[in-house]
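Reader: I have a protein chain to look at and some questions about it. Could we go through them one at a time?

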Amino acid sequence: MLGFLSARQAGLEDPMRFQRTESTRRVLGLELNKDRDIERIHGSGVNTLDIEPVEGRYMLSGGSDGVIVLYDLENSSRQLYYTCKAVCSIGRNHPDVHKYSVETVQWYPHDTGMFTSSSFDKTLKVWDTNTLQTADVFNFEETVYSHHMSPVATKHCLVAVGTRGPKVKLCDLKSGSCSHILQGIFFSFETTITLSK
């Protein structure tokens with residue numbers, strides 16, 4: 001390290017080399033936390049995770065089985081090795097469970113009392129965290145692949161929803177309707193060639 005710094009000071013080393021070397025060293029040093037485990041609830045794969053941004057204490061997971069699980073990440077036992085327990089789940093027996101794979105879960109950015117989930121069952125569901133009941137359901141004509149709310153928006157409650165089609169739909173949580181559609185632009189290979197001539 002001192003040799004590198006001396007060479008850098010003398011102008012013999014690229015200024016970005018140290019940054020690349022240090023970044024590589026840090027990435028190679030990453031490993032999973034061996035002190036913490038997560039209780040397994042999903043019967044199959046986990047597709048999506050989201051940790052709530054207010055306290056960083058609760059985590060949502062959505063699985064390919066349609067189940068949503070809420071975990072408490074806090075180490076309340078004060079043991080060195082511990083398992084994060086599931087606080088509750090929206091399982092197969094729940095009346096509002098997604099019929100197919102849950103593709104995205106997201107906490108409402110400003111309050112842990114609400115979260116959203118979207119699924120291959122062509123729905124976006126808004127959940128009340130305290131009752132685990134749906135507050136609203138948005139139905140789409142095509143498979144829903146993903147959704148997202150802005151973490152910094154304060155003047156609107158829009159959720160951008162990506163479906164199988166080329167349009168992004170904006171759902172307004174305040175009014176309960178899809179308020180806007182963002183048109184996608186699709187260029188075929190032939191169109192690109194024509195435009196470049």
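Reader: Is Leu 132 buried or exposed?
Author: This is a predicted model, in which local features need pLDDT of at least 70 and side-chain atom pairs count only at pLDDT 80 or more, while totals for chains, interfaces and linings use all residues. Residues are numbered from 1 along each chain as its sequence is written, and side-chain values use heavy atoms, with hydrogens and water left out. Buried means under 20% relative accessible area, exposed over 50%, and partly exposed in between (1.4 Å probe, protein chains only). Leu 132 has a relative accessible area of 14%, so Leu 132 is buried.

Reader: Where is Leu 132 placed?
Author: Helices (H or I, at least four residues) and strands (E, at least two) are DSSP runs, numbered from the N terminus. Leu 132 sits in a loop, and that loop joins E9 to strand E10 (133-139).

Reader: What is phi of Leu 132 near?
Author: Most residues other than glycine have a negative phi. Leu 132 is a residue other than glycine, yet its phi is positive. The value is near 55°.

Reader: Which loop holds Lys 122, and what is its phi near?
Author: Lys 122 is in the loop between strand E8 (114-119) and strand E9 (123-128). Lys 122 also has a positive phi in a residue other than glycine, near 70°.

Reader: Is Lys 122 buried or partly exposed?
Author: Take the relative accessibility of Lys 122, which is 34%. Because of that value, Lys 122 counts as partly exposed.

Reader: Which residues does Thr 104 contact?
Author: Thr 104 is in strand E7 (residues 102-107). Thr 104 counts as buried because its relative accessibility is 10%. Contact means heavy atoms within 4.5 Å. Leaving aside neighbours within four places in sequence, the contacts of Thr 104 are Thr 48, Thr 116, Ser 117, Ser 118, Tyr 145, Ser 146 and His 147.

Reader: Which residues does Asp 172 touch?
Author: Asp 172 lies in strand E13 (residues 168-172). At 18% relative accessibility, Asp 172 counts as buried. Not counting residues up to four places away in sequence, Asp 172 touches Phe 138, Cys 157, Leu 158, Ser 177 and Ser 179.

Reader: Is Asp 14 buried or partly exposed?
Author: Asp 14 lies in the loop between helix H1 (2-9) and helix H2 (15-28). Not counting residues up to four places away in sequence, Asp 14 touches Phe 4, Arg 8 and Arg 20. Its relative accessibility is 36%, so Asp 14 counts as partly exposed.

Reader: What separates the C-alpha atoms of Asp 14 and Val 144?
Author: Along the chain, Asp 14 and Val 144 are 130 residues apart. Between their C-alpha atoms, the separation is 47 Å.

Reader: What radius of gyration does the protein chain have?
Author: The radius of gyration is taken over C-alpha atoms, and the globule rule is 2.2 Å times the number of residues to the power 0.38. A compact globule of 197 residues would be near 16 Å. The C-alpha trace here spans about 70 × 70 × 35 Å along its principal axes. The protein chain has a radius of gyration of 23 Å.

Reader: How many helices and strands are there?
Author: Of the 197 residues, 35% count as buried. The protein chain holds 3 helices and 14 strands.
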